[in-house]
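Here are my notes after a pass through the model, as numbered points. Have a look at the structure first, then read on.

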Amino acid sequence: MPYVASFCSSHPASDTYSISRSCARSVTDEIAIKLLTSYSSSARLATTGIVGAGAATVFGFSYNSEKRRQEIEKRIRSVEEKPVPTRAQQIERLAAGEEFDILVVGGGATGAGVALEAQLRGLKVACVEQEDFASGTSSKSTKLLWAGSRYLVKGLVKLFSPASISSPAAAWNEFAGTWHMVLGCFRERTYMLTMNPHITNWVPIAVPLDKWIIWPPPFDYPPAALGPCTGLFVVFFKFYDLLGRYVAPSSFVMSSERARADFPQMDGKRMKYVSVFYEGEHNDARTNLCIAFTAAMHGAAIANYAKVERILFDEKGVACGAEVVDKANPSAKSFEIKAKKIVYCGGPFTDGLRQLSEGKDVKPMVNASGGTHIVLPPYYCPRHIGMVDMMTSRGSFLFFLPWEGYTLVGTTDVKTMPDLHHQVPEDEIQYLINECEKYLSPSLRVRRRDVMSAWYGIRPLCGDPNAKDQSSASRDHVVSHHPTNGITFVSGGKWTTWREMAEDGVDQVVEGHPELKKKAGPSKTLETPLLGTGKTDLFPEGYHENLAVTLSQKYDLAFDVAQHLVRNYGTRAGQVLDMVDQDTVKGSRSGLYKHYRRLYEGAAATTGYPYLEAEVRYAVNHEYAVTPADVLARRTRLAFLNSTAARLCLPRVVEIMAECLGWSPERALMEHEQAEQLLARDFAGPVPDKKGALLRSACTADVKDVFDHIDAEQKGTLTKAGIAKAAAELGFPLSQDELQKAVSEMDTDKNGEVHFPEFLAWWNSSEKSQGVHQKIFMGTRRGSRFAFPTHDLAKEYVLGVSTWLFDQGSTFGYRPEPLGESTALRGPAPDWSLGDSRVPLMHFQGHWANPVNATSYPGSILFASESEGLRFRAHLIFDSANLSLVKLTLENSGKQTAHGQFSIGGSGANISAQPGEEINFGLPNSSMPCFAPSLYGRGRLVLIQSVLLKDELQPLSWNVTDSKEHFEATSLQIDISPAAMATAFILVTPVASVPDRMDFRDLSDRFRRSIWRWEGYLQAVKAQLPARKSQLDKDAIVAWSAVKSVMTLLGNWRTVPGLPSGVLPSYIGYEGGFWSWDTYKQAVGMVHFAPDLAKDQLRLLVSARDAIGHIPDKVDRCGHGGGCSGKPPLLGWAVWTVFQQTQDLAFLHEMYSIVSNFHHFWYKHRDVTGAGLCSWTEGMESGMDDGVRFQPEFARSVANTTSHVTTLDFWSVDLNSYLFKEKKLLSQMAALLAYSDDAREWEQDAEALLPKLQNTFFVPDGDRAGFFSDVYFNGSALPIKGCEGFAALFSGVATYSQALRMANTLWDSNQFFLNFSLPTVSKNNRFFNAQGYWKGPTWIDQTWFAYTGLRSFARIKGNGSSVFAGLASELKQRIFRGFVSNDTTRLVMMGEGCHTSSKSVRRMYFRERHTARTPLHEHYHPETGAPQGVPHFSWTAAHLLMWVDEGNKTSSALVNEDDVTWI
Ligand SMILES: Cc1cc2nc3c(=O)[nH]c(=O)nc-3n(C[C@H](O)[C@H](O)[C@H](O)COP(=O)(O)OP(=O)(O)OC[C@H]3O[C@@H](n4cnc5c(N)ncnc54)[C@H](O)[C@@H]3O)c2cc1C
């Protein structure tokens, strides 16, 4: 059924729709419109003059703004605030069977507005909302109350475009519509900002102009290209001021200097100048509530969580009511609401409502368009000014606004389906981040983890269901009336025009109903202020601009809280404070304000959220909050500002709500769970959820890498041939059609070449990416049939042939080894420690002209050979701890069909074959009882019975022969045509019963996933490398160290059946087990690329803690904790760093009590003197095991009554320094977890301890002067300067001047500044021994602690900055680039060294990749840099990664804050 509708929009009247009333309101509008409608094509040249005259006329009608302000103020202050009925009263009334004049369905801005408008006109109104008020689009807008500058510009551009010359009348009509709409917006904006000052504010918006001529021109309008140099923008905004009758502050221009001062975040240097104009801003959900409750205050029966499920009709088929269900009450029955007229205000859900009254097949009229916003920390935008990018890569406007103290960025515009709980697309978040960077200062990089919250709203754009062109959805509203069922709907429009829409809607409703027409008075909304401006008992003077000051003074309330309350509740703020639980109010430390319990107490430590717990009670009792999400998302806006903080507050919100609403524990639990799910679904946070994301990479820089990869010749452009080649290389050859389509989609300027911006736009285009784009790039990830991606990043790093490969916590390890002339696969080697028994030795046999060569890469070993025209490859990779895969390929590179066979042989113990399928072999029994011999004592090698040939799977049978010590397996002969490839799989597993039988397809998926897993690790490490590189080896040494470190850590990854995974210190020649001191550091090193493993390892360690909270030094390979001694308390540091990287609150929560118990353990059991300082046990407990200070001549055991062990007779500087820092960290953790009392106590503890540490441990004079030292109980220092002193730097214990003196000691080449600097004991100590365990060698971890401390002090302004920075930089240089010794520059980390200082030779050195074979060692000779101790040492690797990460900021989500430490 067609609707008869009226449009207040730019749409001309159509056959189906007719304009039934003028939308013009004021005299001003009438005149302006008359002026414009008198315009004709012949007068086109006089346009400017007419517009100018119009403007002058408008100006003539503007009146003294001060007088008007006073009038309005008087009006709003004269209103009496009355009580608003409770939700329960409203539901009772709605269900009582009373007949209403109007039933409004939908409680967004539009529905609440219609309810208010109708109620004020004297009608009896009911209004129901299925979820919460504003839970639809109305809480998810850009928060602007705007007069439509964009539409005006677009309208003018269209009017003056050459195209309108051919049809001037149509062009004129269209412009008149736009003009009309814009004037309406001005009026509404003025109403909101002047009548409702408590909930609105003006916001200046900067338009940065970085070029004198913009090309391509804005709005595709060539004259606009000259906008910046002709001052067109400035003139336009002056005209805009004029149209707004100067109610808003006037637009102005900022020079680039001023822009730099006022908006330092903007890349001011690049700006020619900046034009600034004003719009209104509000808190949309709160405004929505305000409208709804104002309607309720005036008598409307209005309720949320009241869903219309059925429309009721009378005998003539006219709608006369609705069946409604109270969703807030699980046991409530549905009830009927009778009404003379029904108005749908369903926003994007209007079609859903129409289906209720017209059936499922009703033709849709909503063109839903989704928009994402992100919220960034406050520092990205000044508090007083925003910015708009009018030239985004997608052509839409992007705002960058200060909102509620944070930075709001948005929005996007993509076609979508209506959905009340739409997940936020990760691609859209990435797009916004990338766009932000365009105008921001180069010193700022927006990182993915900066996104504190993100949400997705759906515009209810309405199209004419009968119009041919559906593409141009109107931004304006539609009021439409169904001729037979009598239902009216109001939809489309903008937040700004809610009142105008409501007025039009009610006009239309009464127009069609004589009885209501008689009853209804004129519209009153324009003169009615919303709730919160009128007089209350507390504020009999009504709202005024200093209300926040008055409130702060009356209640001794912090000013930020007072401002927030006034802005949200106006003169009702006092009622909120009545809800405060007085027992919880405390005096503050400053004595100025009282402390009212905030909802998020973490605020004090981080950034301010002024929400009070009392607001939760107020929300439940007075603002119809039904669920915890109502409180967190729409009464307060915490979920919109910081989704993590919202989740943290959830338990407390549930607690208070349960108290107010009398929820049972079960109900409270259910509410908690539902809210948690809703918050997780509707709001994104700092950690990306890449499920379903089409963007392969995190940011523009990554897409550029892909572009560069395809642009192999580095021309800066892509060609069709290049794309075809890249696609083929990636394993997805494109058909001609697909290629043509891809290129034409990318090449938007049709010049035959694809430039990076075009490629980026194409890449980011979600619609296009569903086609061929996805096939090329996504297929490699998601898996198109049998395509195998290549190890692109891994292939950059050849590891040589002697490297053992372990991965995924594997039980087996492999290594390529020479066998005769060629190379064979050694392994699987069981039992972790790599005993001598390595079976079977797999040999890929063949009659090759060249021997089979093997190469190890990060994550895989590759065997290859070639005979005339036939290439062979065997590629080994790990799928899991118990499964490794070998992919075999034969490729015919010749011109004739080749005949090939796969042939594998091997030797070992107890070999037995099952015919054709698998070979079993015996392994030496593990020494570890947790490895059951029946499962782990035997392995099997499975030959998969299929071969992939030319994308077709064919059967492949194998002939297997075996003796007890030897086997051979040969496949059927395969005919391979030219350019074709045959692919087969074998797999190796130690456990007879697993895995389940897998076919070729399973294996190809697993193989592909394993390759991408490795690419992921390397990508993550790459993201941490200095920002200037775009390829891993731009800074080869750092890059190499990073890759080597990843390899080392993952090579030490071991899984014990049934326990969390972990990383051992070294897999060769080292006592097995997970050591606490190593574990802390490994977790911090790994969190950048394997965060789950990092968390698991910490879990594994703490799982062995004992009843008194003590964490043992070592957990053996079967998961048993051992020994009573422990290592320094770095657990807090590790947990905090892992949390910072992953933002995993559940993990933080899980660990908090464990960390705090372990912390308390030290003071209970190691503070033997009761001085508040702790000592080590005699069991070498420090992590500096055999250090000089533990020698009997220095350390004596003392009886310890409080401890279960004996302690030494001195206080340790490193133990106490780490404990100090842990207190600080625990305070931060507690604040974040909303344990506010804990947070305060930890902080106070730390502050009290600090001077004691500074006075006790620093040695001001004597021969140990200028250093921190362990101190005997009698107060005298131990005669040792060693690495224990570095802890005081690292943990921030040292005062500035102490640190400066220490730095000078560290610079001293007689003490610590050796070639490979910072030995474990100073060189001038008589016990110094460069090769003695903990008596001289340099340990990378200790160097890192000292380095990090120096860097922290370097960041403090003071006379020592250059000393700290210089020393830190020199230390880093020496670690990564070598030092001068015997006139030879040595690259220390490369072990054997590189005997040249020449850059080109160094480069060659890397090209030759000799370094690959040098493992990272446990420690190094402090003078020669020669490696010492155990190779493949994990903590060395972990600390190198910390160095790599340190100081590098990129936009990748995996990259840490400026510093991984705590200062
Ligand atoms: C990304 C974005 C940015 C925007 N920015 C701005 C801006 O800066 N300025 C501006 O002026 N405008 C802006 N808008 C537009 C503005 O937000 C919307 O026009 C406005 O919020 C629409 O309000 P509404 O009440 O029509 O729709 P909604 O707020 O979606 O309300 C419709 C309501 O109907 C309810 N409903 C549906 N079915 C039923 C049922 N069976 N029973 C009961 N209730 C039901 C829904 O639950 C929903 O709450 C923006 C929109 C988007 C998406």
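1. Start with D807, whose side chain makes a polar contact with the side chain of R1013 at 3.2 Å. A second polar contact, 2.8 Å, joins the side chains of D807 and W1014. (Polar contact here: a pair of N or O atoms within 3.5 Å; within protein, one must be able to donate a hydrogen and the other to accept it, and residues adjacent in sequence count only if both atoms are side-chain atoms.) Before going further, keep in mind that this is a predicted model: local features need pLDDT of at least 70, side-chain atom pairs count only at pLDDT 80 or more, and totals for chains, interfaces and linings use all residues. Residues are numbered from 1 along each chain as its sequence is written, and side-chain values use heavy atoms, with hydrogens and water left out.

2. D807 and R1013 also qualify as a salt bridge, with the closest N and O atoms 3.2 Å apart; the criterion is a side-chain nitrogen of Lys or Arg within 4 Å of a carboxyl oxygen of Asp or Glu. D807 sits in the loop between α29 and β24 and R1013 in helix α31 (residues 1000–1024), so the pair ties together parts that are 206 residues apart in sequence. For the element labels, helices (H or I, at least four residues) and strands (E, at least two) are DSSP runs, numbered from the N terminus. Are the two partners buried or exposed? D807 is buried, and so is R1013. D807 has 0% relative accessibility. The classes are buried under 20% relative accessible area, exposed over 50%, and partly exposed in between (1.4 Å probe, protein chains only).

3. How many salt bridges does a search of the whole structure find? The count is 60. One of them pairs the side chains of D132 and R634, 2.7 Å from N to O. D132 lies in the loop between β3 (125–128) and β4 (144–145) and R634 in helix α21 (residues 628–635), so this pair ties together parts 502 residues apart in sequence. D132 counts as buried because its relative accessibility is 1%, and R634 counts as buried at 8%.

4. K1081 and D1341 are worth a look too: their side chains meet in a salt bridge of 2.4 Å, N to O. This pair links distant parts of the chain, with K1081 in helix α33 (residues 1076–1086) and D1341 in helix α41 (residues 1340–1354), 260 residues apart. K1081 is buried, and D1341 is as well. Elsewhere, salt bridges that share partners join E99, D101, K340, E515 and K519 into one network.

5. Now the ligand. Which residues come closest to the ligand? Of the 38 residues that surround it, the closest are T110, E129, S138, L144 and T496. A polar side-chain atom of T110 lies 2.7 Å from a ligand oxygen atom, and an N or O atom in the side chain of E129 is 2.6 Å from an oxygen atom of the ligand. On the backbone side, a polar atom of V308 is 3.2 Å from a nitrogen atom of the ligand. Taken alone the ligand exposes 1,000 Å², and the protein buries 96% of that; accessible areas come from the Shrake-Rupley method with a 1.4 Å probe, and for residues only the protein chains shown count as cover.

6. Which elements give two or more residues to the shell around the ligand? They are α5 (109–120), β9 (306–313), β12 (369–376) and β17 (453–459). By class, the shell has 15 nonpolar, 17 polar and six charged residues. (Ala, Val, Leu, Ile, Met, Phe, Trp, Tyr, Cys and Pro count as nonpolar, Asp, Glu, Lys and Arg as charged, and the others, Gly among them, as polar.)

7. A few backbone spots to check by eye. G410 and T411 are joined by a cis peptide bond, with omega about 10°; T411 lies in the loop between β15 (406–410) and β16 (414–415). A134 is not a glycine, yet its phi is positive, near 70°. Its place is in the loop between β3 and β4, and A134 counts as buried at 1% relative accessibility. W1334 likewise has a positive phi, about 60°, although it is not a glycine. W1334 lies in the loop between α40 (1296–1307) and α41 and is buried, with a relative accessible area of 2%.

Methods. A residue is near a molecule or strand if one of its heavy atoms lies within 4 Å of it.
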